[in-house]
Amino acid sequence: MPVKESGNICIPFLLNMNVKATTGTDLAKAKEYLQAGQLVAIPTETVYGLAANAFDSAAALRIFEAKKRPSFDPLIVHSSSLEKARSFLKEVPAEAQRLANAFWPGPLTLLLPKNEKIPDVVTSGLPHVAVRIPRHPLSLQLLQELDFPLAAPSANPFGYVSPTTAAHVQEQLGDRIPYILDGGPCEVGVESTIIGFQENTVVVYRLGGMSIEELEPLCPDIKLMPHSSSNPQAPGQLKSHYAPRIPVISGNLRDLLTRYNKEEVAVLSFRDFYPGIQQFTLSPSGNLKEAAQNLFKALRELEKLDVKYILTEQVPDYGLGRAINDRLARAAAK
Ligand code: TXA
Ligand code: MG
């Protein structure tokens, strides 16, 4: 594959040597790698992304390789403003513009018709591109300084939980990328809400960091289609997308604990503490925002334990709770 290089900074990665990514806050370095067609992990308010030049099909292909992501699962394209994004969009419907004005930068991704500047590899051949403006100062500045947008899926190997710290990225993709831009722990902790437009209806394809309750005042007609493995509009929404290494069983925790051997399980609870059991409590005060921030870290920590099962429960099903429940259900899906 042809590779654009800048100096010799990317050579160890081109040779696929077992080197670790550098982690830091050096925007100039991140820019240099991205301009050379290389991958850089970037912080966003939702989760860390694995970024490459969205106008460069060879660079975008490298994302699929590094993540071992199937080519039918398209990438979200990040920009620093709606005005900049217009350069690669065919049109921005009035409804989309209203939502963009209200919620960007923020955890909302809009499916919009693309023009020829976005290569087909980015959208897996679909006519729409998923676009969002992330609300993280480091990445926003990076996007402002670049003259191309960044294609960036979550920075995890395909089928694994999304990373919410630079260390999570280092652990799993550190030997496949040169640089991780460290923006601290992610403020939201679950991925963006993905929506598309069907005539006068707003369709939610993925529940995420922007809650339905926040969207409702602006969108009188919302349709939820989150489990869309059979839906060609959001091909990546496979039901078991978030499956961790240890089987996750969801239900009433007190009942589950009567049926399993306490030595063989770890508990992932919303707010309650269960004495004598290895566990992670998402938010002892019952705060859904805190629970979302902790969710993926909790799954990562629990699956390192020497247990046979992770027992979990659903959280209250409103606000960010819906996205948390969606991820827990996917983690528990066989
Ligand atoms: O919060 C987020 O959205 C994070 C950060 C890094 O921005 N990104 C993220 O990307 O979660 P990823 O690739 O892990 O999930 C994107 C989802 C996939 O399920 C994919 O199938 C869907 O968005 N998607 C992307 N482009 C699409 C398109 N053109 N049409 C339909 N679905 C699309
Ligand atoms: Mg992902």
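Strand β3 is largely enclosed by the rest of the structure, because five of its five residues are buried, buried meaning under 20% relative accessible area with a 1.4 Å probe, protein chains only. Strands here are DSSP runs of E with at least two residues, and helices are runs of H or I with at least four, numbered from the N terminus. This is a predicted model, in which local features need pLDDT of at least 70, side-chain atom pairs count only at pLDDT 80 or more, and totals for chains, interfaces and linings use all residues. Residues are numbered from 1 along each chain as its sequence is written, and side-chain values use heavy atoms, leaving out hydrogens and water.

Strand β3 pairs with β2 in the antiparallel sense over three bridges; pairing requires that DSSP find at least two bridges between the strands. Within this pair, V40 stands opposite A51 of β3, and six residues lie between the two strands of the hairpin. Strand β3 also runs antiparallel to β7, joined by two bridges; N53 has L150 in β7 as its bridge partner.

The discussion now turns to helix α2. In this helix, residues 27–35, the buried residues are L27, A30, Y33 and L34. They cover an arc of only 130° around the axis, which puts them on the same side of α2; the arc is that of the directions from the helix axis to the C-beta atoms. These buried residues pack against β2, β3, α7, β7 and β8, where contact means heavy atoms within 4.5 Å. Just after α2, G37 takes a positive phi of about 85°.

Conventions. Chains lettered and ligands numbered in written order. Buried < 20%, exposed > 50% of the residue type's maximum accessible area, 1.4 Å probe, protein only.
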